[in-house]
Amino acid sequence: MKNTELYKVSKSVYKEAILHAQLQSAGSNQQRFLERIQKDRVARSQNIIFKFMAAVYIATLVFIPIISIFQIYLNFGSNPEWITFAGSLSFSLFFMLQLVILIVFALMLSWGIMSGGPYEWVHTLPFNRNHIQKIGLFTFARSINIQLIVMSLVLPIGVTTAVSLAAGLYLGIGKIFLISIVSILISVLNTIFNLAILVILGRKLAIVMEEYDFNSKRANFVRISTMAIYLITSMLVVMAIQIGVEKLPILFQISPLNAGSTSIMNIVLSFIPVPFSLGYLMTIFLVDFSMIPSLVIVGSVTGFLLYILLVYLVTKKALKTLRNISSPDIKRFDPKRKKTAIDDIQIKSTTPTRAYMKRDISIITRETQQIMMLIMPLMLPIYTAILGSTGAFTEVIGNTGLTELFIVLMVFVVMNSYILSVSLTIIETGEKQLQLRFQLILENK
Amino acid sequence: MSHEIESFNKCVFKITQRELFHSLLKLNNEMSVKSEVMVRVENLVKTFGDVVAVNGLTFDVEPGEIFGLLGPNGAGKTTTVKILLGLLEEDSGEIEVFGLDPSKEEIKIKDRIGYVSEDPLIYRSMTPRMLFNFISSIRNLDEKETTEKLRYYFESLEAVEYYDKLIATLSRGNKQKMQVIASLLHDPDLLIMDEPLTGLDAKSAKVLKEILELHTERGGSVIFSTHILEVAEEVCDRIAIMDKGKLVAIGTLEELSVMANKAGADLEDIFLKLTNQDESVAHIVKNLRKMLGNNKK
Ligand SMILES: Nc1ncnc2c1ncn2[C@@H]1O[C@H](COP(=O)(O)OP(=O)(O)OP(=O)(O)O)[C@@H](O)[C@H]1O
Ligand SMILES: [Mg+2]
């Protein structure tokens with residue numbers, strides 16, 4: 001069977017994976033969710049909206065390297081060591097944010113694809129293993145195709161434009177061309193790395209949420225903390241963007257107290273593959289080589305080589321994960337679990353209220369939406385407090401601008417899918433449950 | 001009420017119009033299998049961790065027979081069937097399907113098998129319309145012929161109104177109908193059906209049984225897994241009784257009753273006798289009475 005045909009097949013697998021992820025996060029509200037997607041198209045196209053939002057965010061991030069490049073050339077003469085440091089730092093921030101945004105937007109879907117469920121039926125159709133592996137790969141690529149294209153293009157385009165505008169007259173065509181090539185190389189590697197990380201994380205999430213020991217306390221804890229980390233990360237990324245934009249120019253302009261410590265820092269950081277090596281490599285090509293200590297150049301190149309090695313390893317792991325996913329024996333079992341004997345079967349009664357609580361916790365932790373409902377109210381004040389303490393919040397209130405819009409949109413998008421669908425689906429059932437519980441409490445007394 | 005009986009009769013009448021059905025199914029010429037053994041399984045073993053799901057299973061399936069895999073819950077029926085399809089990998093043992101090795105000739109084998117799984121695997125995100133178009137494209141089926149078959153199956157299973165509903169929203173029985181139809185469209189030589197009657201109403205069950213019978217009359221085979229004795233007794237030509245992954249007995253109903261030393265006995269007696277459960281059932285019943293009998297309502 002030809003690859004193009006397999007790619008077509010992957011469309012159906014992809015749709016099934018989306019439904020799987022949506023149903024999974026709808027939990028006990030599945031019936032209502034299904035009713036809803038039959039009726040309204042918005043719920044069905046939710047995923048496409050997500051995709052475009054992610055692409056827009058990833059694209060918008062490019063202002064970080066653009067600002068950096070202008071700052072590098074503006075402050076060129078002042079303190080090369082510090083400029084190298086600040087430039088590398090902001091490029092590294094850019095790469096990290098790209099990864100995090102990709103994950104924040106695509107993780108839930110990646111989980112759906114990584115759960116293996118959507119492949120079971122494909123296995124009964126006339127495909128061989130090789131076909132199914134390819135279908136697995138195509139399905140995944142489909143789920144983030146737009147993001148990936150944007151991610152690999154935006155840096156080279158941004159860098160080349162900014163360099164031409166900021167220093168085109170000094171640098172000459174040859175140097176600009178070289179910088180473009182480097183940025184393409186870095187961008188492609190970074191995209192592959194991010195993709196691989198997403199695959200691995202998606203699989204981990206699928207295991208934690210679906211296959212891990214059902215109702216143990218530990219499993220509940222793991223699920224809640226996974227979701228909490230997910231949310232905190234989403235919040236932090238918004239904050240990082242916010243602070244990044246506000247403070248980036250200042251970072252370049254402050255003069256460090258101790259020049260010696262800056263150069264030591266540069267040397268040390270340049271050796272670290274993630275997240276610094278890419279930033280340093282990019283920066284040493286932007287700043288004139290003659291102004292950079294040779295140890296930093298050695299460090300960047302070494303760090304970059306380590307990074308390539310890392311990309312290779314992570315990609316290998318991701319491909320293996322994808323292979324396992326599309327192999328039929330995917331369903332895990334826990335060989336360590338001991339056999340239950342007749343004496344293990346025992347009833348332990350508590351009060352009805354507590355019984356309800358207990359039941360709810362184990363159900364809730366398996367339902368993403370409900371976990372979000374639990375965590376969200378806690379997150380917002382924390383988030384506001386952090387922003388407030390950094391002063392960034394007041395600045396936002398103070399100067400209206402793009403960043404403000406950015407922040408509002410981001411928070412909106414992250415929460416929208418959960419809050420909206422939860423509130424739409426949960427209200428009625430929630431009400432009934434509450435009544436029932438209230439009754440029980442009363443009867444109990 | 002009388003209306004229901006009438007429509008039921010109409011349906012049964014429809015089914016007995018065998019010529020029509022035959023001619024319809026025969027569109028695809030004769031079955032490609034003539035006399036070769038359909039499935040050969042020898043010493044099959046499959047474990048999950050420390051659970052031995054299938055333990056040294058050996059059996060053959062001949063062309064033209066409905067072969068029953070009968071056993072209590074957890075006996076290993078589904079596991080066996082999944083290994084035949086290549087959905088699970090065996091630990092050891094030999095398997096041939098149509099004389100081919102499932103690990104090497106996956107596509108050739110899957111081309112000739114129709115599979116109804118225990119839990120429907122068909123895509124919930126599709127409507128039946130999408131589903132059957134998808135299957136037809138993947139299996140390269142003839143448009144006209146398949147349309148004709150599809151209409152026939154939808155009518156006889158009374159599912160026409162669900163053709164454009166999302167499969168996720170169908171009832172269990174209607175999902176089951178969809179996966180049954182999906183397994184039949186490419187006119188496979190071997191049907192592997194894991195508890196196919198689950199969720200089907202009496203009429204649809206009857207239609208399905210009739211379809212299976214016709215299938216074997218045309219030289220095809222069926223592997224029919226079930227834990228329900230009456231169903232096995234009614235549907236299957238030969239029955240393999242499984243318990244805890246092991247083959248307890250295999251043969252026609254008469255052969256099994258000879259083995260159980262109970263001429264003329266029904267399958268339930270034979271089954272209990274052969275799985276050494278007859279005494280334990282009597283024991284369980286006695287204890288149940290003791291436990292529940294004391295608590296008069
Ligand atoms: N993926 C799996 N992981 C662990 N154990 C499994 C898995 N699949 C099946 N088993 C175990 O293998 C044994 C046989 O299961 P199987 O599903 O084949 O039984 P069955 O005969 O089909 O039962 P039923 O009549 O209930 O459908 C059971 O003990 C089951 O728990
Ligand atoms: Mg079974």
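A polar contact is a pair of N or O atoms within 3.5 Å; within protein, one must be able to donate a hydrogen and the other to accept it, and residues adjacent in sequence count only if both atoms are side-chain atoms. An oxygen atom of ligand 1 is placed 3.1 Å from a polar backbone atom of B:Ala75. This is a predicted model, in which local features need pLDDT of at least 70 and side-chain atom pairs count only at pLDDT 80 or more, while totals for chains, interfaces and linings use all residues. Residues are numbered from 1 along each chain as its sequence is written, chains are lettered from A and ligands numbered from 1 in the order in which they are written, and side-chain values use heavy atoms, without hydrogens and water.

**Contacts of ligand 1**
- Ligand 1 lies between chains A and B.
- A polar backbone atom of B:Gly74 is 2.8 Å from an oxygen atom of ligand 1.
- A polar side-chain atom of B:Asn73 lies 3.1 Å from an oxygen atom of ligand 1.
- Of the 630 Å² of accessible area (Shrake-Rupley method, 1.4 Å probe; for residues, only the protein chains shown count as cover) that ligand 1 has on its own, the protein covers 69%.

**Surface of chain A**

Technical notes
Near = heavy atom within 4 Å.
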